[in-house]
Amino acid sequence: MEIVVCVKPVPEAETRLRPDAAGTALDPEGVKYVLAGYDESAVEQALLLRESIPGSRVHVVACGPAPRTEEVLRAALALGCDVATWVDVPAASADEPLSAARALASAISPHSPDLVLCGKQAGDNEAGVVPAALGELLGVPDLSYVLDVRWNAGASRFSLKRASEAGLESWTVPAPCVLGLQQAWNDPRTAKLPAILKSRKAPIARVTPPSAAADPASSPRRFELPPPRTGAKMIEYKTADEAATRLVRALREEAKVLP
Amino acid sequence: MPDFSLSPEQESLRDLARKFARTEMTPHAAECDRAARFPEEIYRKAYDLGLMNLNVPTEFGGSGLSLLDQCLIVEELAHGCAGMTTSIIANCLALEPILLGGTSEQKERFLAPFCREYHLASFCLTEPSGGSDAGALRTRARKDGDGYVLDGEKCFITNAPHASLYTVFATVDPALRHKGVAAFVVPRSAPGVLPGKDEEKMGHRASSTSTVRFEEVRVPESDRLGPEVDGFSLAMRTLDQTRTPIGALATGIAQAALDHAAAYSLKRQTFGKAIAEHQAIQIKLANMAQAVHAARLLTWHAAWAIDHGARGTLESSIAKCFASDAALHVADEAIQTFGGYGYMKEYPVEKLLRDAKLTQIYEGANEIQRTVIARELLRAYA
């Protein structure tokens, strides 16, 4: 089984973010890009499926500029993906979900995968569009907010769970399909040191999509940081009782949210 | 000009160690310190990720890293917990004599099965009657038939109660001083190998330290490392290799102290503003940052020199000595920045001072490092 997993380089959670000079995107200067939690769960799911289906292969695909895209592909290779493809597009195109989906689809479709996995949304702009757009562009069913995907060889369908606000749904979906994975349900593995060293030397196929321009209609006009929070009050205390008493008093007398 | 930038490969190794330290070590550091608990589950995880036998070539199942790469990892681990790091890197010290002095048959026989699964090893040089005076060993290696019989006691041995392999230095004749020292590989299973009980320590309390008694322990000649008279040189060459990572370990403690102090100074208010806005604290932080930076660069330089073929005795002694002094000073200043809270065990900085202290003592006390530095220095003027 050919399993494709799509990943996106996103700023590390501890990064101090700031807008670029044009004020329309994040300034990449000094930003460290990593695999997002959603994508880590997707990679983990791909590896679990490979381990349960003999003769299968995990192909990791990412679109974006160098070097950040290469870095997350190598991180995915270190986790155990078999091969990697870098779809070379500018940052603006990778951040615009429709052009990102087009770029990914152009690289994925020649391989006719049985399954395409993505994080359900990007860890940075959180658009959540790519899995559905990929399904449309590849002409296959898609489903998102998915977890716990298993292959039912007899029925040639995937059985999976889907987390909704209402509860946990059970589905079966025919192959091929595109699935958007939930975050943090499968305890993604950590890459081991020898695998990290090996991944640095692994080849990465580079492809350029036919058209890589971001669609201005689905790109943000402006990017700014939220205003700094004000009004926080720290409660000084020595014991838990004292902390609770002072907190309740502040909530009652100052914030006036308690009767 | 030298290039101080790290390669993407080195950054990914550092990221691995940093993530491991932050997620697996830091959350348990205070508890293990308080209870003097040896967190074997953490050491097993470190082994599983390839963070344990860093200096052992990949052909024998280790990670096969350069000394600089080892230092990058050790600094990050020490930021999480210096005591755990001491136990994690003790294998590097214990196995180095086999790497330096072993035949290919011995390396294959000892290292390959050892590295194939989680095992700990201990380096047994120091004795109750002398640490720095390593030529005055009293543990005897008596020639007997086609082998030796070891008799004596070693002390302050890291991981000794948990180790399955010991590299042991013993004298065939105390009168020969340095020239009488031989090195041996001794399995824990050999009759007469008796590790003592855990010592109660000031710091590095997640690590385990004890005596090891060798009572009539028979060792075949095939388990001796190098020529019979070469043991002292082998011990010194081993320490030349492993001294620099102690500089990295001390740098990790110092960086952790600076991180805590700087973050606290931005939160803590006195006289109507954050203490970071007071020059007294700014000067402290600036001096701490200088010490951390210098410690790191000296460590990197020593590692780089050794990786490029230098023996590195001078460079590694300078790095170890400076970085460990810096760690103690920076931890001290971090406590001062925290004021009364810094003295309390509820806050993380007093542990750093206790942990830093050992780095001035072990793997060659700083007085010995200064003796070495002076000797190397004066040689250039003589």
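**Cores, interface and local geometry**

In this predicted model, the largest nonpolar core has 107 residues, and those touching the most other members are Val5(A), Leu117(A) and Leu179(A). Helix 6 of chain B (residues 231–267) gives the most to this core, with 11 residues.

Me: How many residues are in the other core, which lies apart from the largest one?
Reply: This other core includes Phe123(B), Phe169(B), Ala235(B) and Leu239(B) among its members. Its residue count is 25.

Me: What ipTM does the predictor give the complex?
Reply: For chain B, the mean pLDDT is 96, and 100% of the residues reach 70 or more. For the complex, the predictor gives a pTM of 0.90 and an ipTM of 0.87.

Me: What share of the contacts in chain A between residues at least 6 apart in sequence joins residues at least 24 apart?
Reply: Chain A has seven helices and 11 strands, and its C-alpha trace spans about 65 × 45 × 40 Å along the principal axes. Of its 259 residues, 41% count as buried. Among contacts between residues at least 6 apart in sequence, the share joining residues at least 24 apart is 70%.

Me: Where in helix 4 of chain B does the kink lie?
Reply: Helix 4 of chain B, residues 82–101, reaches 29 Å from its first C-alpha to its last, close to the 28 Å expected for its 20 residues at 1.5 Å a residue. The helix is mostly covered, with 19 of its 20 residues buried. The kink, of about 35 degrees, comes shortly before the proline Pro97(B), and its place is Leu95(B).

Me: Is Thr299(B) buried or exposed?
Reply: Thr299(B) lies in helix 7 of chain B, residues 279–307, a helix of 29 residues that reaches 41 Å from its first C-alpha to its last, close to the 42 Å expected at 1.5 Å a residue. Leaving aside neighbours within four places in sequence, Thr299(B) is in contact with Cys71(B), Thr244(B), Gly247(B), Ala248(B), Thr251(B), Ala319(B) and Ala323(B). Because its relative accessibility is 1%, Thr299(B) counts as buried.

Me: What is the relative accessibility of Thr337(B), which counts as buried?
Reply: Thr337(B) belongs to helix 8 of chain B, residues 313–338. With residues up to four places away in sequence not counted, Thr337(B) touches Ala261(B), Tyr264(B), Ser265(B), Ile275(B), Ile281(B) and Lys284(B). The cut-off for a buried residue is under 20% relative accessible area, and Thr337(B) counts as buried because its relative accessibility is 4%.

Me: Where in chain A is Pro176(A) found?
Reply: The peptide bond from Ala175(A) to Pro176(A) is cis, with omega near -5 degrees. The bond from Ala66(A) to Pro67(A) is also cis, with omega near -5 degrees, and Pro67(A) lies in the loop between strand 4 (57–64) and helix 2 (68–79). Pro176(A), for its part, is in the loop between strand 9 (168–174) and strand 10 (177–181).

Me: What is the relative accessible area of Lys256(A)?
Reply: Lys256(A) is in the segment after helix 7 (240–254) of chain A, and its phi is near 55 degrees, a positive value in a residue other than glycine. The cut-off for an exposed residue is over 50%, and Lys256(A) is exposed because its relative accessible area is 64%.

Me: Is Phe271(B) buried or exposed?
Reply: Phe271(B) lies in the loop between strand 9 (269–270) and strand 10 (273–274) of chain B. Although Phe271(B) is not a glycine, its phi is positive, at about 50 degrees. Because its relative accessibility is 78%, Phe271(B) counts as exposed.

How values were computed:
Residues are numbered from 1 along each chain as its sequence is written. Chains are lettered from A and ligands numbered from 1 in the order in which they are written. This is a predicted model: local features need pLDDT of at least 70, side-chain atom pairs count only at pLDDT 80 or more; totals for chains, interfaces and linings use all residues. Side-chain values use heavy atoms; hydrogens and water are left out. Helices (H or I, at least four residues) and strands (E, at least two) are DSSP runs, numbered from the N terminus. Buried means under 20% relative accessible area, exposed over 50%, partly exposed in between (1.4 Å probe, protein chains only). Contact means heavy atoms within 4.5 Å. The expected span of a helix is 1.5 Å times one less than its number of residues. The bend at a residue is the angle between axes fitted to the seven residues ending there and the seven starting there. pLDDT is the predictor's confidence in each residue, from 0 to 100. A nonpolar core is a set of buried Ala, Val, Leu, Ile, Met, Phe, Trp, Tyr and Cys residues joined through side-chain atoms within 4.5 Å.
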